[in-house]
Amino acid sequence: MKKWITFDLDGTLMQNPFGEWVFPELNATVSRWAGRPVNIVRGLLEEHQRRMRAAQYVAAYDWDEMLTGLLEKLHIEQRLDIEELVIKHAVPGKIRLLEEGSVEVLKQLREAGFSLAAVTNGFFKYQFPVMEALGLSGYFDEIVTPERAGAGKPDPAILRMFGGNVVAHIGDRLDHDVKLANDYGCLSVFVYHNLPRALLSVHPSERACDASMAGILTEKWEQESSGTANGPLARLCKPKVVVAAVRELLTLEELKKV
């Protein structure tokens with residue numbers, strides 16, 4: 001029986017080109033078509049947030065469909081293909097791995113007997129070109145995306161293809177990744193790359209209970225809430241394990257015992 005470890009991608013393993021390259025080009029192109037400044041990205045993100053609040057986790061990441069709807073409202077006939085923009089910008093210097101040595105960690109986890117899957121809210125057509133360019137795609141047995149699974153994070157249904165054999169999910173968001181793992185019932189591993197030096201001396205399995213971690217989790221939760229009324233950090237969004245780098249996964253007794 002396979003033992004799965006699932007990974008988030010953006011913010012956990014890699015930096016995609018959306019924020020620095022794709023979105024600015026969208027704004028520039030649409031503004032040129034409109035003959036005036038148009039912040040089409042703001043409209044996209046507002047529609048994304050609206051769909052997330054409505055638990056439309058698949059539709060919330062269909063950037064091409066949302067863009068087409070906004071262009072129609074602006075009475076602009078031209079169309080942009082976001083997949084083509086991602087491929088255009090998925091080149092060295094515009095995308096990167098977030099940690100040196102992360103690919104070696106994936107390799108060692110596979111050698112230890114785990115099957116690996118990327119579980120991301122980005123559609124396959126946007127994620128795979130970046131994964132391929134960074135040399136990540138070959139290390140994953142499965143790439144699970146919302147339009148393929150019919151569900152998106154934090155809905156635990158996105159993990160249903162694995163049955164009950166997911167032992168851990170690794171990710172950088174409390175509201176998506178940690179909540180998904182806790183709700184599903186596997187080990188929730190929160191990746192926080194900017195962990196203070198004092199916490200680096202605490203074992204990853206004990207950090208979540210360390211008093212100094214509470215403020216970090218609360219601040220991260222507030223950032224993810226984006227000013228919406230999410231209230232205090234929810235129980236399901238509290239991680240079991242906190243790592244400063246994915247290489248620390250190799251030290252976890254929770255994985256060695258599986």
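How many salt bridges does the count come to? The count comes to 13 salt bridges, a salt bridge being a side-chain nitrogen of Lys or Arg within 4 Å of a carboxyl oxygen of Asp or Glu. This is a predicted model, in which local features need pLDDT of at least 70, side-chain atom pairs count only at pLDDT 80 or more, and totals for chains, interfaces and linings use all residues. Residues are numbered from 1 along each chain as its sequence is written, and side-chain values use heavy atoms, with hydrogens and water left out.

**Stop 1: Asp8 and Lys153**

Select Asp8 and Lys153. They form a salt bridge whose closest N and O atoms are 2.8 Å apart. Asp8 lies in the loop between strand S1 (3-7) and strand S2 (14-15), and Lys153 in the loop between helix H7 (146-149) and S6, so the pair ties together parts that are 145 residues apart in sequence. Helices (H or I, at least four residues) and strands (E, at least two) are DSSP runs, numbered from the N terminus. Both Asp8 and Lys153 are buried; buried means under 20% relative accessible area, exposed over 50%, and partly exposed in between (1.4 Å probe, protein chains only).

**Stop 2: Asp172**

Move to Asp172, in the loop between strand S6 (166-171) and helix H8 (174-184). Asp172 is buried but has no salt bridge, and the nearest side chain of opposite charge, Lys220, is 4.8 Å away. For charge, Lys and Arg count as positive and Asp and Glu as negative, while His and the chain ends are not counted. Not counting residues up to four places away in sequence, Asp172 touches residues including Asp8, Asp10, Lys220 and Glu224; contact means heavy atoms within 4.5 Å.

**Stop 3: helix H2**

Select residues 40-53, which are helix H2. H2 has 14 residues and reaches 20 Å from its first C-alpha to its last, close to the 20 Å expected at 1.5 Å a residue; the expected span is 1.5 Å times one less than the number of residues. Its buried residues are Ile40, Val41, Gly43, Leu44, His48, Arg51 and Met52, and they pack against helix H1 (18-34), helix H3 (63-73) and H8.

Leaving aside neighbours within four places in sequence, Val41 is in contact with Phe23, Leu26 and Asn27. Val41 and Leu67 are 26 residues apart in sequence and 8.7 Å apart in space, C-alpha to C-alpha. Just after H2, Ala55 takes a positive phi of about 60 degrees.

**Stop 4**

Arg50 is partly exposed, at 40% relative accessibility.

Then select Arg110 and Asp141, another salt bridge (3.1 Å, N to O). This pair links distant parts of the chain: Arg110 is in helix H5 (residues 102-111) and Asp141 in the loop between helix H6 (124-134) and strand S5 (142-144), 31 residues apart.

**Stop 5: the nonpolar cores**

Finish with Phe7, Leu26, Phe140 and Leu249, which touch the most other members among the 56 residues of the largest nonpolar core. Such a core is a set of buried Ala, Val, Leu, Ile, Met, Phe, Trp, Tyr and Cys residues joined through side-chain atoms within 4.5 Å. Another core, of 15 residues, lies apart from it, with Tyr192, Val202, Leu217 and Val242 among its members.
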